[in-house]
Amino acid sequence: MSLSSGSCGNCYYLGTSDGGVLIDAGVSLRRLKKTLIENGLDMDSFSAILVTHDHLDHIRHLGSFCKKLCRPVYTTDVIHGALARHTFTAPTIAPCRRILAEGEWNDVAGMKVRYFVVPHDATQTVGYAIETAGHKFVIMTDIGRMTDEAVEYARQADTVVVESNYDMDMLMSGPYTYELKMRIVQGCGHLSNDECASAVKRFWHKGLRNIFLCHLSENNNTRQLASDCTAAALAEMGVEKGTVALRCLPREYPSQLYVL
């Protein structure tokens, strides 16, 4: 379940009957509790937090999560270094600090978790491959360009959450400054609809069952444009409609709780 996906805030829940994790902490504790309860879950439904990077829309409420929940926070040593210096997390992160080992699977809340570095203009940004309950799940949000390593993990997954941030025509004709447009498009910003569709062509395999498009821009994209672009890529490869579930995650409100 996505609790929020976009520059307004990012937070995802992944769980089984034995427990779960949050990925990022860009929503308030109050909103988190409310959304979990509305979906038949509670605050004991997750026992750890994974962090993708140190931009504010992903860690805005991590400090309060650490202070009030005291759950372990897993990420890389580099990202934890940034969190230890960040105004929003520095006062409370230390007791929750857990470092993920590089280049190997880590045990996090009973799940197997491995990170891979992706290009983005944060201190460091990672995607996650997660194996649990017979499922292989990959999430890569805020990724300036697709990497071979990210594609390789996605090729092994049955569920992939991938950024489809902007439509190029909307971005270039829109109100953003030239500098901001260049920041978005030049490889360390965000993934366009076309780039996302090209990536899907690279990692498509017969075991892929779910594609979730995430982090759609409010000003430079629509759910229809993003969905149509990736759907067209699948059709070009001869993938029959319905073979894979393709969904766009909403920006400012929670998605439904999907059963994978």
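## The largest pocket

How much space lies in the largest pocket? About 450 Å³. Before going further, please keep in mind that this is a predicted model, in which local features need pLDDT of at least 70 and side-chain atom pairs count only at pLDDT 80 or more, while totals for chains, interfaces and linings use all residues. Residues are numbered from 1 along each chain as its sequence is written, and side-chain values use heavy atoms, with hydrogens and water left out.

A pocket here is found on a 1 Å grid over the protein atoms alone, as an open set of points with protein on both sides within 12 Å along at least five of seven lines; its lining residues have an atom within 4 Å of a point. A volume is the space filled by probe spheres set on the points, and grid points are joined across faces, edges and corners. The lining of the largest pocket has 23 residues, with Tyr13, Leu14, Gly15, Tyr258 and Leu260 nearest the centre. Strands S2 (9-16), S10 (135-140) and S11 (159-163) each supply at least two lining residues, and S2 gives the most, with five. Strands (E, at least two residues) and helices (H or I, at least four) are DSSP runs numbered from the N terminus. By type, this lining has 16 nonpolar residues, seven polar and no charged. In this scheme Ala, Val, Leu, Ile, Met, Phe, Trp, Tyr, Cys and Pro are nonpolar, Asp, Glu, Lys and Arg are charged, and the others, Gly among them, are polar.

## The second largest pocket

The second largest pocket holds about 270 Å³ of space. It is lined by 19 residues, and Ser7, Tyr176, Arg183, His190 and His215 are the closest to its centre. Helix H7 (residues 178-185) gives the most to this lining, with three residues. Here the lining divides into four nonpolar, ten polar and five charged residues.

Rolling a probe the size of a water molecule over the atoms shows where empty space is left. A cavity is a set of grid points where a 1.4 Å probe fits but cannot get out, and the model has one of 30 Å³ or more. About 70 Å³ of space lies in the largest cavity. Among the residues that line it are Trp105, Ile130, Lys136, Phe137 and Tyr153. Strand S9 (126-132) and S10 are the elements that give two or more residues to this lining, which divides into seven nonpolar, one polar and two charged.

## Nonpolar cores

A nonpolar core is a set of buried Ala, Val, Leu, Ile, Met, Phe, Trp, Tyr and Cys residues joined through side-chain atoms within 4.5 Å. Buried means under 20% relative accessible area, exposed over 50%, and partly exposed in between (1.4 Å probe, protein chains only). The largest core has 46 residues, and Leu32, Phe46, Leu50, Leu62, Tyr128 and Ile130 have the most contacts inside it. Apart from it lies another core, of 28 residues, including Phe116, Val160, Val200 and Leu216.

## Rings and charges

Rings of Phe, Tyr and Trp (its six-membered ring) pair if their centres lie within 6.5 Å; planes under 30 degrees apart count as stacked, over 60 as edge-to-face and the rest as tilted. Two aromatic pairs are found by this rule. Phe116 and Tyr153 are stacked, 5.1 Å centre to centre with 20 degrees between the planes. This pair links distant parts of the chain, from Phe116 in strand S8 (residues 111-117) to Tyr153 in helix H5 (residues 148-154), 37 residues apart. Phe116 is buried at 0% relative accessible area, and Tyr153 is buried at 11%. The other pair, Phe212 and Tyr258, is tilted, with 5.0 Å between centres and 55 degrees between planes. Phe212 is buried at 4%, whereas Tyr258 is partly exposed at 21%.

A charge sits over a ring if NZ of Lys or CZ of Arg is within 6 Å of the ring centre and within 35 degrees of the ring normal. Arg71 lies over the face of Phe46, 4.8 Å from the ring centre, and Lys112 lies over the face of Trp105, at 5.3 Å.

## Backbone with positive phi

Most residues other than glycine have a negative phi. Asp24, in the loop between strand S3 (19-23) and helix H1 (29-38), has a positive phi of about 75 degrees. Asp24 is buried at 0% relative accessibility. Ala133 has a positive phi near 50 degrees and sits in the loop between S9 and S10; Ala133 is exposed, at 61%.
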